[in-house]
Amino acid sequence: MTNSAQELRQAFIRYFEQQGHQAVPSSALIPQADPTLLFTNAGMNQFKRVFLGEETRAYTRAVSVQKCLRAGGKHNDLENVGYTRRHHTFFEMLGNFSFGDYFKEDAIKFGWEFLTHTVGLAKDRMWVTVFREDDEADQLWKKMGVSPSRIVRCGEKDNFWQMADTGPCGPCSEIHFDQGPSVPGDDTPNGEGDRVIEIWNLVFMQYNRDVKGTLNPLPKPSIDTGMGLERLTAVAQGVYSNYDSDLFTPLLSVIAKRAGMQYGGKETSDRSMRVIADHLRAISFLMTDGVLPSNEGRGYVLRRILRRAARHGRLLGITEPFLHELSATVVEQMAGVYSEVKNAAGTIAEATRGEEDRFIATLDQGLPILNDMIAKARAAGQNVLTGAEVFKLYDTYGFPMDLIGEACREQNMTLDEKGFDQAIEEQRTRARKTGGFEQDTTRPAVAELAGRVGATKFVGYDRLETDSVLQAILKGERMVKEAVEGDEVEVVLDVTPCYAEGGGQVGDQGVLVGADGRVDIKETTRPAPTLILHKGVVSKGRIREGEQLRMTVNATTRQDAARNHTATHLVHAALRDILGPHVKQYGSLVGPNRLRFDFAHFRPLSTRDIDEIEATVNDEIRKNERVQTEVMSIQDAVAKGALAFFGDKYGEQVRVVTVESFSKELCGGTHCRHTGEIGLFRIVSETGVAAGVRRIEAQTGSGACALMKKLEAEVRELSDLLKVGQSELVNKTRKVLTQLKDRERELEELKLKMASGSAVASSAKTIAGVPVHVQRTDGLDVNGMRALADQLRDKLKSGVVALGAATEDGKVSLLVVVTKDLIGKLKAGDLIKVLAAEVGGTGGGRPEMAQAGGKDPARLDAALEKVFGLVESTLQR
């Protein structure tokens with residue numbers, strides 16, 4: 001074999017299939033089996049529950065080529081990328097696994113055969129490490145023909161693996177390769193440098209570590225192996241650096257071409273090209289698997305990676321967006337292996353371009369300031385940037401802290417991180433004081449209540465009324481024994497059917513009735529994990545602590561809220577189906593009268609998108625599908641496909657809401673029994689709320705019907721106003737708008753003609769041989785003033801034109817034009833700043849044309865009169 005990366009992938013799968021292994025496709029970079037994990041970082045992640053005995057598969061031997069990412073969390077290689085020849089954010093891990101099937105002997109045999117026979121690596125350049133107490137592995141390697149002098153025993157740090165502090169663990173054996181004396185480093189494993197590098201780790205899971213640290217033998221020992229494709233490819237192709245293998249050379253070629261230089265010419269530029277090549281792969285695969293740039297969790301890691309790549313582009317002299325174009329090379333190179341990358345090509349390019357545009361604006365503001373800070377520090381004989389200075393750059397301009405640190409590293413400067421942290425804390429303290437949050441925000445009375453009464457039992461999933469004992473009455477900040485008609489109170493019950501506000505859904509309303517009184521409940525909240533408060537007004541008689549009452553939920557508002565909540569699940573599923581897996585819920589509001597859904601997406605939705613989403617949701621409603629709820633462990637929930645997101649907090653047991661095959665989410669809210677109960681779904685609006693976050697507002701049921709009736713009434717009124725039938729309304733409106741635009745154009749032309757005609761009476765002088773034309777142009781807007789200035793400039797051929805107009809809203813517009821032959825002596829921007837100051841405004845622009853605004857129309861004539869003197873004094877300098 002010629003050992004291309006693609007041939008190595010195929011050979012690995014083929015070899016282990018011949019050994020009875022089931023080929024398993026790569027899982028996504030977002031771990032569906034483990035929401036506590038930031039990214040998939042090893043081949044065994046998707047088999048974790050199998051190793052723990054929580055799940056069984058139809059096979060006991062598996063082989064995979066797994067997409068992995070290490071950038072954030074415990075395994076973070078981001079800062080090393082580019083500076084070394086072998087660190088990566090995105091990489092592919094080759095792995096073979098045994099779930100209680102074969103053990104050490106076969107694992108060692110398979111590993112040795114594949115590397116020496118299939119790949120053809122030289123046996124005399126191989127080294128093996130084993131755990132210091134693992135005599136069995138030592139003997140098995142010798143049985144394979146490995147010389148005792150090439151077997152090294154190591155301690156727990158290098159050769160003992162464990163999943164966590166407790167649980168499955170065991171010794172491991174690593175296969176290393178000697179790249180030869182031309183590569184710097186020690187000639188033995190685990191030494192300094194890269195001469196002898198690890199290429200494959202074989203983990204022998206044979207123990208279970210208990211809480212006391214005791215190692216107990218597992219009844220079915222297992223095998224977990226991992227080998228980086230990038231490192232294997234470099235070794236198999238006989239190159240020292242992973243970046244010199246065919247996994248990276250196509251990317252480096254297009255990056256070098258884009259930068260107008262050669263890779264291999266200069267270490268600083270080579271480093272930047274390596275960073276960009278690596279990060280382009282990570283960006284493409286993260287977006288393919290549904291991650292978009294944001295300020296939290298996985299999205300924040302992606303943003304850091306993308307912006308780091310963009311900054312290294314700037315170091316290569318690329319000042320405009322370019323990553324979105326080069327992502328096509330990643331797609332072209334990897335689509336044959338991962339078809340999902342090809343399907344996501346448009347999303348990758350569009351989302352990357354948007355983030356590049358935002359970051360370039362940040363860099364344009366921040367980089368000159370950072371460079372100036374470094375220059376000043378050096379001039380003062382210092383090699384440290386103070387925390388206060390760095391904080392100002394971070395806080396004022398949004399310049400990323402990690403990029404400040406990397407820029408300092410490149411300039412041999414250090415960063416005062418302690419001072420920066422102190423400045424951050426001082427800002428937080430100021431914010432708490434300003435916002436009124438200096439003291440603990442928990443109400444003392446609520447804290448006392450939570451400690452005094454037991455947990456309120458919620459039974460509202462199954463019923464809308466129940467008998468309850470009144471455990472406490474809160475009136476303002478005082479606990480009282482009774483309340484009478486007119487009192488505003490918050491009451492605590494031992495059992496309640498009222499849903500407390502949470503998960504975006506508003507709390508229930510209802511009535512609380514006793515023998516002597518009634519409370520109209522307007523709001524239900526949960527201010528503490530175990531405490532549910534019912535807020536309302538005593539509308540009749542009195543209520544007393546300890547008495548038995550009947551709590552009844554308002555069925556209409558509950559059902560309306562349930563319609564809207566189930567609809568948000570349908571919207572979420574429809575958005576992911578139509579826009580892509582990057583869509584993630586960022587927030588929601590579910591009330592009886594409306595729903596609001598915030599989600600991750602990189603551009604506004606088109607009319608076609610909105611129509612398709614609305615149609616998809618209404619299709620699911622018409623199917624009248626069953627809405628099923630189940631309580632299960634978080635592990636079982638995500639294993640069954642329920643959406644769970646990194647960073648969200650989940651208990652041991654979670655509630656899963658499923659709409660047949662269309663939607664499956666973790667949710668504690670109330671829902672319809674069948675989708676048909678929603679009735680109708682209509683989108684009211686779609687807007688942006690932040691960079692990369694969109695918002696849909698919608699209505700269901702009777703609210704949607706009322707919205708349609710309102711729209712129909714407005715259509716009828718428009719039809720009456722325009723005196724046409726409803727079917728002709730659009731054409732008539734187009735005709736009226738065309739006529740209106742024609743009239744507006746005619747009016748502007750007339751204004752311009754009148755202004756041009758009055759030019760004879762305007763002020764015009766020749767100053768030191770330069771014609772200067774000054775004119776007041778009230779009635780002309782900015783576009784009209786520009787058109788007039790163009791006419792006057794063409795008429796003068798050489799000279800200065802200054803126009804000023806008082807606007808209808810009591811403000812001033814100014815425009816100055818200087819012909820190109822004069823801009824060496826006179827600059828429009830300089831002239832207009834003086835005029836703008838006279839009328840209480842500011843302005844600027846190019847040397848040949850500048851605009852300004854002002855607040856004082858009474859000073860306009862004086863401002864225009866100044867032009868002649870300004871031109872004269874400027875020409876005399």
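Of the 877 residues in the protein chain, 49% are buried. The model is predicted. Its secondary structure comprises 24 helices and 34 strands. The C-alpha trace spans about 110 × 90 × 60 Å along its principal axes. Contacts were also examined by sequence separation. Among those between residues at least 6 apart in sequence, 66% join residues at least 24 apart.

The protein chain exposes about 41,100 Å². Carbon and sulfur atoms supply 48% of that area. The chain carries 113 positive and 121 negative charges.

An open sheet is formed by 6 strands, in the order 29-30-31-32-34-33. Its pairing is mixed. Strand 29 (763-767) and strand 33 (842-845) are the edge strands, and each pairs on one side only. From one strand to the next, the twist averages 15°. Strand 29 pairs with strand 30 (residues 770-776) in the antiparallel sense, over 5 bridges. In strand 30, V770 is the bridge partner of I767.

Two helices pack on this sheet. Helix 22 (residues 782-796) touches strand 30, strand 31 (800-806), strand 32 (812-818) and strand 34 (849-854). The direction of helix 22 makes about 155° with that of strand 31. Helix 24 (residues 860-876) touches strand 29, strand 30, strand 31 and strand 32. The direction of helix 24 makes about 170° with that of strand 30.

How values were computed:
Residues numbered from 1 in each chain as written. Predicted model: local features only at pLDDT ≥ 70, side-chain atom pairs only at ≥ 80, totals over all residues. Heavy atoms only, no water. Helix = DSSP H or I, 4+ residues; strand = E, 2+ residues; numbered from the N terminus. Buried < 20%, exposed > 50% of the residue type's maximum accessible area, 1.4 Å probe, protein only. Contact = heavy atoms within 4.5 Å. Areas by Shrake-Rupley, 256 points an atom, 1.4 Å probe, with all protein chains shown as cover. Lys, Arg positive; Asp, Glu negative; His and termini not counted. Charge placed at Lys NZ, Arg CZ, Asp CG, Glu CD. Pairing = 2+ DSSP bridges. Axes fitted to C-alpha atoms, helices over the stretch in contact; angles between N-to-C directions.
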